[in-house]
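Let's take a friendly walk through a protein model. Have the sequence and the 3D view open as you read.

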Amino acid sequence: ATDLSAFYMNVVKDRLYADQPDSPERRSTQTALHAICSALCRMLAPVLSHTAEEAWQLLPGATGAYPSVELAPFPVVDAAHTNPALSVQWDGFFAVRDRVNKALEEAKANGIKKALEARVTLIGAFPALNGFTNDELTMLFNVSDTRREAETGNVERIEIGGAVGSKCPRCWLVKRDIGRDPLFRDICVRCAEAVRALE
């Protein structure tokens, strides 16, 4: 409820729905979700045996390895997935994200109806975010735009405003490049590329 539903799945749904089918970001997300589903099925099998079995039967490739979730080995922690330095970096991000979420909630009283309509401006150093690009933060904050501005001193402020542009009817993000593709004038460039890849 906290790590997967409230954060990870909320963040990656945009790339799953809107990216090109074979984009590296979408494919890597599918790989991660497959591993997560496989582990959850096996961990839940002792207490939710029928539900876990139904999910296992629908999980691509699962029955090829083990015909039943009850025959699959219990998952163990992969040491290759343990990175203390990365954990510290993400802890710093989540601390800032909590502040951004609070600012977004407050902005709803001032006309920002949904986070996807918002632009987040980070004013100050925010060293916890040094390892993230603005595009990554936009995705992780689940907004349409993220900007950073310098500030003298140690002051850190978060300002929420309306994103500049128009809402793309396909990805629902507010973008400034809608109509630039001559064949798909009602959607943004990224969505136009994804639609073209499906033709």
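The model is predicted, so local features need pLDDT of at least 70, side-chain atom pairs count only at pLDDT 80 or more, and totals for chains, interfaces and linings use all residues. Residues are numbered from 1 along each chain as its sequence is written, and side-chain values use heavy atoms, with hydrogens and water left out.

**The cores**

A nonpolar core is a set of buried Ala, Val, Leu, Ile, Met, Phe, Trp, Tyr and Cys residues joined through side-chain atoms within 4.5 Å. Here, buried means under 20% relative accessible area, exposed means over 50%, and partly exposed lies in between (1.4 Å probe, protein chains only). The largest nonpolar core holds 21 residues, and Phe93, Val100, Leu122, Leu129 and Phe141 have the most contacts inside it. Two or more of its residues come from each of helix 1 (4–18), helix 5, strand 1 (118–123) and helix 6 (134–141). Helix 5 gives the largest share, 6 residues. Helices (H or I, at least four residues) and strands (E, at least two) are DSSP runs, numbered from the N terminus. A second, separate core has 9 residues, including Ala18, Ile187, Cys188 and Ala192.

**Two loop residues**

Ser68 lies in the loop between helix 4 (62–65) and helix 5 (84–107). Is Ser68 buried or exposed? Ser68 counts as buried because its relative accessibility is 17%. Leaving aside neighbours within four places in sequence, Ser68 is in contact (heavy atoms within 4.5 Å) with Glu53, Trp56 and Gln57.

Gly61 sits in the loop between helix 3 (49–58) and helix 4. With 61% relative accessibility, Gly61 counts as exposed. Gly61 and His34 are 27 residues apart in sequence, and their C-alpha atoms are 9.6 Å apart in space.

**Salt bridges**

Side chains of opposite charge can pair when their charged atoms come close. A salt bridge is a side-chain nitrogen of Lys or Arg within 4 Å of a carboxyl oxygen of Asp or Glu. How many does a search of the whole structure find? It finds 8 salt bridges, and the table shows some of them.

| Salt bridge | N to O distance |
|---|---|
| Glu105 and Lys108 | 3.2 Å |
| Arg157 and Glu151 | 3.1 Å |
| Glu159 and Arg157 | 2.7 Å |

Salt bridges that share partners also join Asp14, Asp19 and Arg190 into one network. Glu105 counts as exposed because its relative accessibility is 52%, whereas Lys108, at 41%, is partly exposed.
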